[in-house]
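Here is a short briefing on a protein structure.

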Amino acid sequence: MAKSPKRKDYLKDYKQGDDGKYTYGGKTYKFADTEQERLKAYRNLILLAVVLLVSIAASGLNDSACAIRSFYVILPFLGEVCAFFALAWYLSKLMFEGREIRGYIFETANNRIPPAALILMFFALLGLMTAAIYLIIHGFDGEIFNSILYLVLKACNALLAFCFKKYYNTLQWTVI
């Protein structure tokens, strides 16, 4: 099967110098504000991601009846986890580039971080809805606190994912 011709187009941006070493000559992006503002923005993104991870883990560790006894409640949780890891992967690729981010890395990460946050929010809301349906059909099974906590955590996951996307979209980048 032939590979897409655009798949490795970024390799055209690397040029070999006289010394035999390759240098990147394509687009480069940088954070529009000062270095302190860039570090503050990255710190805020990391903080949001860590709080989101803790909230997702807490909802996954919840042992209420609605969280563990039904596949249609567990499947949205798996979607949340996958979306979070995609979000974290692209965020880490962006952050580990440093001050100047190569164009192909920035464009990939920048185009995938907001949709990953939206997908995470979708699965959190879907998990909230399916857990509520489970509780309506089967009741609380004597676990009222854990069941309500699960619903609250799902709402928090959706809200945190929305806040992450909204904050990320406020960041300004410039082409060098």
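Rings of Phe, Tyr and Trp (its six-membered ring) pair if their centres lie within 6.5 Å; planes under 30 degrees apart are stacked, over 60 edge-to-face, and the rest tilted. By that rule, the whole structure holds 10 aromatic pairs. The model is predicted: local features need pLDDT of at least 70, side-chain atom pairs count only at pLDDT 80 or more, and totals for chains, interfaces and linings use all residues. Residues are numbered from 1 along each chain as its sequence is written, and side-chain values use heavy atoms, with hydrogens and water left out.

**Aromatic rings**
- Phe122 and Phe123 pair edge-to-face, at 5.3 Å centre to centre and 65° between the planes.
- Phe122 is partly exposed at 49% relative accessible area (buried is under 20%, exposed over 50%, partly exposed in between; 1.4 Å probe, protein chains only).
- Phe123 is also partly exposed, at 22%.
- Tyr10, Tyr14, Tyr24 and Tyr104 make up one aromatic cluster.

**Strands**
- Helices (H or I, at least four residues) and strands (E, at least two) are DSSP runs, numbered from the N terminus.
- Two strands pair if DSSP finds at least two bridges between them.
- Strand E3 (residues 28-31) pairs with strand E4 (residues 100-102), antiparallel, over three bridges.
- In this pairing, Lys30 stands opposite Glu100 of E4.
- E3 also pairs with strand E5 (residues 173-175), antiparallel, over three bridges.
- Phe31 has Trp173 in E5 as its bridge partner.

**Helix H3**
- H3 (residues 71-95) has 25 residues and spans 36 Å from first to last C-alpha, close to the 36 Å expected at 1.5 Å a residue.
- The expected span is 1.5 Å times one less than the number of residues.
- Buried residues of H3 include Phe77, Phe84, Leu87 and Tyr90.
- The buried residues of H3 pack against H1 (35-61), H2 (65-68), E4, H4 (103-138), H5 (144-170) and E5 (contact means heavy atoms within 4.5 Å).

**Salt bridges**
- A salt bridge is a side-chain nitrogen of Lys or Arg within 4 Å of a carboxyl oxygen of Asp or Glu.
- The whole structure has seven salt bridges.
- Arg69 and Asp141 form one, with the closest N and O atoms 2.7 Å apart.
- This pair links distant parts of the chain: Arg69 lies in the loop between H2 and H3, Asp141 in the loop between H4 and H5, 72 residues apart.
- Arg69 is partly exposed at 49%, and Asp141 is partly exposed at 42%.
- Arg102 and Glu97 meet in a salt bridge at 2.8 Å, N to O.
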